[in-house]
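Here are my notebook entries from a look through this structure.

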Amino acid sequence: MKELIPLFVIIPLGGAFLTILVSWKFKRLSDIFGIFATGGLLVCAIMLPVTGTGGTYNVGGWPLGIGINFVIDGFSTLMLIIINLVSFAATIFSISYMTQYSAKYKYYSLFLLMVAGMNGVVLTGDMFNLFVFLEIASIASYALVAFGCEQEELEASFKYLVLGSIGSTLILLAVAFLYGIAGSLNMAAISTALSGIPGNLLTMFIAALFIVGFGIKAALVPFHPWLPDAHPSAPAPISAMLSGVLIKALGIYALTRVFFNVIGVSPFFGIVLMILGVLSMTIGVFLAVGQWDFKRLLAYHSISQMGYVVLGIGLGAYMIAEGGPVLVSGFALLGGIFHLANHAVFKSLLFLCSGSVQYATGTRQLKEMGGLKEKMPVTRFATTVASLSIAGVPPFNGFFSKLVIVIATIMAALYNPVFLVLTFFALLVSFVTLVSFLKVLRYTFLGMLKDTFRQIKESPAAMGIAMVFLAVFCIGMGILLVPQLREVLLDPAVDALAGGLKYAENVVAGYIP
Amino acid sequence: MVFTLCFAVFVIGLYCALTKKNIIKIVIGLTLMEYSVNLFLVMLGYRKDGIAPIRTRGIIDFLERAVDPLPQALVLTSIVIGLGVTAMAIAICIRLYQRYGTFDIMEIRRLKG
């Protein structure tokens, strides 16, 4: 429904300013603002697939090509639902968790700014506007990583800020080059203009700038060093947001949107993405196995799981560009996108669980924990569900998306046997992930209860509700693959990418099927 | 020629941000990179002997002689964003100095692994 589109930016942006204005005097109100803003956004996001087709919205009523336009298609709908679902859960969790910190209202204000930035990135149909929203979300996240102002947090935030700004500058440079070639900033117009020009050295250079820029934002392996510091240092609900949705909205979403719908895919680009994906998967998971800090371990797993997503999308891009079987490219994209959605849910749940454990015990070191299973039943339930999901154990959601990716690589291997390598890596990484999470469960919840932890209690109800809320999605999201439900959410998302340059026609027509 | 200089500023900024040990110098490097990209954007819209894009003497004159106003609008936005990033970076630098008592990145190393 078209009328809903501007609300995704207005609600969090207005909420951010109102929160800081009103809560200056009435501090208790900040919780209510946070809940209402994110809850309202979640309702709006769920309304999108319910009310049917997507559309475009011209900001300020300026016609296409002059003003900025917002575009909703299948892929943005899916991303909006994920972002607002996770941010709603993180807000509920924050009500209790953030009482440890002073200045809770500043936290909510920054949180809503970050959500506004991410929603904007997902919605916008204008290259420079993409950069602006990307920077809104990034600056808010730099501040949130440093929120506790302790030594480690400041150091992590500075590292993140330096690498993040370099990434943003490269993206801006690429946008400038695109404007120089196409003479427009509108994605649809650029796409139309570029399709007339054969690929040359300059478009390769622009593509390389985008890959490095968005690769830094998405923490793909050669560009990942900021992530394992930044994500654990943030407060737990923010870690959940950063790992759960920020790297996806700013990195993966923007990268795929720019390549599939604006520049157009090429076999070379597909191969680069597949290599980055395999590198991220394997290096991320092997670095994760040796970690003893709960949140740091989760952060390395984020890198590894993003590898799966990039692998699926890269395989899809390669197959589309090479003119391979449509079935294979469809399956690969479906796997990538579905894993992106699933990873958002289970990884944010895992970070919330780590926050709950830290809230109760005051430590993040796995070796110092143990025997919490009777003290913290809700957290134990949620952690078990999320761990089994990320490890890809059936009936949980992670299993289905990994299965689709593995099937896609096997089908691609029928087309060209080289792709069996991908199948091998996908299965290997999945196995190592399982081992790593068995370690987590063993050291936190099983074993002997330490004497120092005799007095601990289960975390407050708000935190429990947030965790159970996400755990339900972890168990249930597998049903999205049922054909009737797939037509609602996943198939439109795949079509939006596989349609490629048809994006421009749809935007100009103002109607997105 | 000017484009080469612009590129040189960009590379100097990148070099500075990646290799310097002093965190203030790293921030200066980031700022240099931003400014070179801003300069590049403005130059994209420049034409020789162009006038300011303000419509005073009719549309024909405007179309023939005015420089492209869009990159200038972009640069204004980009400068404001750059201000935000720099302010954030400097704020973190001040806090780091309070906590560690040094600006040297080699001594600010508590995170490992």
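Predicted model: local features only at pLDDT ≥ 70, side-chain atom pairs only at ≥ 80, totals over all residues.

Entry 1: I began with R486(A), which counts as partly exposed because its relative accessibility is 27%; the classes I used are buried under 20% relative accessible area, exposed over 50% and partly exposed in between, with a 1.4 Å probe and protein chains only. D491(A) also counts as partly exposed, at 23% relative accessibility. The side chains of R486(A) and D491(A) meet in a salt bridge, 3.4 Å from N to O. By salt bridge I mean a side-chain nitrogen of Lys or Arg within 4 Å of a carboxyl oxygen of Asp or Glu.

Residues are numbered from 1 along each chain as its sequence is written, chains are lettered from A and ligands numbered from 1 in the order in which they are written, and side-chain values use heavy atoms, with hydrogens and water left out.

R296(A) counts as buried at 8% relative accessibility, and D229(A) counts as buried at 3%.

I then looked at R364(A) and D293(A), whose side chains meet in a salt bridge of 3.1 Å, N to O. This pair also links distant parts of the chain: R364(A) is in the loop between α13 and α14 of chain A, and D293(A) is in the loop between α11 (267-289) and α12 of chain A, 71 residues apart. R364(A) is partly exposed, with a relative accessible area of 22%, whereas D293(A) is buried at 12%.

Entry 2: I checked the length of α13(A): its 36 residues should span 52 Å at 1.5 Å a residue, and its end C-alpha atoms are 51 Å apart, which agrees. The expected span is 1.5 Å times one less than the number of residues. α13(A) is mostly covered, with 30 of its 36 residues buried. Just after α13(A), I found G362(A) with a positive phi of about 80°.

Next came helix α15 (residues 397-415) of chain A, whose 19 residues should span 27 Å; its end C-alpha atoms are 28 Å apart, which agrees. Its buried residues include N397(A), K402(A), I405(A) and M411(A). Which helices cover them? What covers the buried residues of α15(A) includes α12 (294-322), α13 (326-361), α14 (377-391), α16 (420-444) and α17 (461-476) of chain A.

**Entry 3: T444(A).** I found T444(A) in helix α16 of chain A. T444(A) is buried, with a relative accessible area of 0%. A polar atom of its side chain lies 2.6 Å from the backbone oxygen of V440(A). Leaving aside neighbours within four places in sequence, T444(A) is in contact (heavy atoms within 4.5 Å) with residues including F294(A), L366(A), M369(A) and L372(A).

**Entry 4: chain A against chain B.** I counted 33 residues of chain A in contact with 39 residues of chain B. The area buried between chain A and chain B is about 3,300 Å², and carbon and sulfur atoms give 77% of it; buried area is the accessible area (1.4 Å probe) that two parts lose on being put together, summed over both. In chain A, Q151(A), E155(A) and F158(A) lose the most area to chain B, together 21% of what that side buries.

The rule finds one salt bridge across this interface. The side chains of E150(A) and R99(B) meet in a salt bridge at 4.0 Å, N to O. On the side of chain A that touches chain B, α5 (127-145), α6 (151-182) and α12 of chain A are the elements that give two or more residues. The largest share, 19 residues, comes from α6(A).

Note on methods:
Helix = DSSP H or I, 4+ residues; strand = E, 2+ residues; numbered from the N terminus. Polar contact = N/O pair within 3.5 Å; in protein donor to acceptor, adjacent residues only side chain to side chain.
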